[in-house]
Amino acid sequence: MFDRKMLTKLGGWTGYRVVDVDYRPGEGWGGRGKVIIRLEPTRKRMRCNRCGSTSTQVHDTAIRRIRDLPMFDWDVVLIVPRRRQWCERCGGPQLEDLEWVRPYRRVTRRLEEAVGRLCQMMPLKQVAAFYGLAWHTVKAIDKQMLERTVGTVDLTGVRYLGMDEFALHKGHRYATVIVEPLRREVLWVGAGHSREAVRPFFAALSEQVRRNIRAVVMDMNAAYDLEVRAWCPNAEVVYDLFHVVAKYGREVMDRVRVDEANRLRQDKRARQVVKSSRWLLLRNRENLKTSEQQVRLDELLAANESLMTVYVLKEDLKELWRTREETEARSRWEAWYRRAMESGIEPLMRFARRLKPYLSGILAHCRHPLHTSVLEGINNRIKVIKRMAYGFRDEAYFFLKIRAAFPGNLR
Ligand SMILES: [Zn+2]
């Protein structure tokens with residue numbers, strides 16, 4: 001099919017030429033063909049991969065099988081005599097430096113790069129099948145690429161932080177992510193969600209950086225606020241809308257919906273309507289796609305006074321965060337609290353009473369340009385990353401994936 005000269009040129013294996021091509025139909029991954037390309041070194045002078053000095057003295061040669069990018073419908077396996085030179089400067093045998101494959105790797109650089117790019121978009125398993133590589137090989141490539149590309153973070157100029165927790169394995173263990181919310185950059189990821197767990201992040205900051213922090217946005221139920229106050233003397237704690245609304249959904253909407261369904265025990269049809277309305281009630285009205293869903297929601301609310309009340313108060317609660325003027329936000333809060341307490345709906349009153357002590361942290365958002373959607377966005381993205389790979393028993397790898405997903409938009 002290809003002559004050897006043409007394939008040598010096309011392959012770009014600098015310092016080698018093709019001496020033999022062996023086509024094996026059906027022997028590749030998933031019934032594809034496999035082509036085995038035998039290479040031979042052409043350069044007399046080798047460069048030491050450790051110190052860069054050159055030599056012509058071959059110490060030994062080992063035959064390596066190295067995978068390359070697939071060629072059309074063929075998996076490509078290179079048979080490469082890998083030489084070690086005797087390096088005077090290093091005082092021993094050293095591997096020859098090659099442009100197209102890193103030392104001791106079984107895949108070429110370009111295959112590594114292709115795998116790394118695909119791993120940003122697809123689960124490991126699919127990337128493995130796409131290139132006909134073993135799952136653990138793909139994972140190792142992706143992890144090494146991330147270690148190289150996800151660099152150290154620059155914390156100078158950081159004024160704001162966002163902190164959030166997420167579940168590691170089915171909710172058994174937790175981890176914490178710390179972000180710069182304005183440029184959407186993940187600064188740190190660590191196991192645990194206690195005060196002690198996040199301490200290493202703050203301990204590593206210089207005093208100047210800690211003094212510069214003006215506000216930290218977080219869930220009001222998190223344990224982080226005391227740690228923030230201990231390290232960042234000028235920081236205000238700001239409670240995040242997304243978490244408060246999520247809590248409202250669980251503690252108020254779900255509770256009232258279940259109570260209403262139980263109350264309608266006699267009316268099977270109405271009961272079923274209320275029972276199955278969870279999604280409808282928790283969704284933002286703007287996100288209801290069809291007019292049929294809108295009508296269903298309207299009918300549901302019209303028929304249930306309690307559901308109507310908690311639904312309207314949910315929408316009004318969100319308005320607290322949309323108001324940037326503090327006096328106005330405060331009077332909105334007072335009106336909201338009064339309506340909650342006068343509703344006679346027990347779960348709602350309980351929620352309002354519990355929320356009250358956090359008021360200053362809720363109103364604090366008026367003084368800072370913090371978008372409350374940042375933590376929600378990161379939270380959702382972490383879930384997607386978690387679904388995409390099953391390699392996250394390896395925490396270090398999982399944390400690298402999270403950092404790579406939020407490199408910051410100012411770079
Ligand atoms: Zn050397």
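Author: A pocket is an open set of points on a 1 Å grid over the protein atoms alone, where a 1.4 Å probe fits and protein stands on both sides within 12 Å along at least five of seven lines; lining residues have an atom within 4 Å of a point. This is a predicted model, in which local features need pLDDT of at least 70 and side-chain atom pairs count only at pLDDT 80 or more, while totals for chains, interfaces and linings use all residues. Residues are numbered from 1 along each chain as its sequence is written, and side-chain values use heavy atoms, with hydrogens and water left out.

Reader: How much space lies in the largest pocket, and what makes up its lining?

Author: The largest pocket holds about 1,200 Å³, a volume being the space filled by probe spheres set on the points, which are joined across faces, edges and corners. Its lining has 35 residues, of which Phe-242, His-243, Ala-246, Glu-376 and Asn-380 are the closest to the centre. Two or more residues each come from strand E8 (160-167) and helices H8 (241-263), H10 (278-282), H12 (305-322) and H16 (373-388). These elements are DSSP runs numbered from the N terminus (helices: H or I, at least four residues; strands: E, at least two). H8 gives the largest share, eight residues.

Reader: How do the residues of that lining divide by class?

Author: The lining has eleven nonpolar, ten polar and 14 charged residues. Ala, Val, Leu, Ile, Met, Phe, Trp, Tyr, Cys and Pro count as nonpolar, Asp, Glu, Lys and Arg as charged, and the others, Gly among them, as polar.

Reader: Why is Arg-257 called buried, and which residues does Arg-257 contact?

Author: Buried means under 20% relative accessible area, exposed over 50%, and partly exposed in between (1.4 Å probe, protein chains only). Arg-257, in helix H8, has 10%, so it is buried. Beyond its neighbours within four places in sequence, Arg-257 is in contact (heavy atoms within 4.5 Å) with Val-274, Lys-275, Ser-277, Arg-278, Leu-281 and Leu-307.

Reader: What makes Cys-119 buried?

Author: Cys-119 has 2% relative accessibility and therefore counts as buried. Cys-119 lies in helix H2, and its contacts beyond four places in sequence are Leu-124, Val-127, Val-138, Asp-142, Met-388 and Lys-401.

Reader: Why is Tyr-104 placed in its accessibility class?

Author: Tyr-104 has 66% relative accessibility, so it counts as exposed. Tyr-104 also has a positive phi, about 65°, without being a glycine.

Reader: How do H13 and H14 pack?

Author: Helix H13 (residues 326-342) and helix H14 (residues 346-355) pack at about 145°, with axes 8 Å apart. Axes are lines fitted to C-alpha atoms over the stretch in contact, and angles run from 0 to 180 degrees between N-to-C directions. The contact involves residues including Trp-333 and Trp-336 of H13 and Leu-348 and Phe-351 of H14. By class, this contact has ten nonpolar, no polar and one charged residues.
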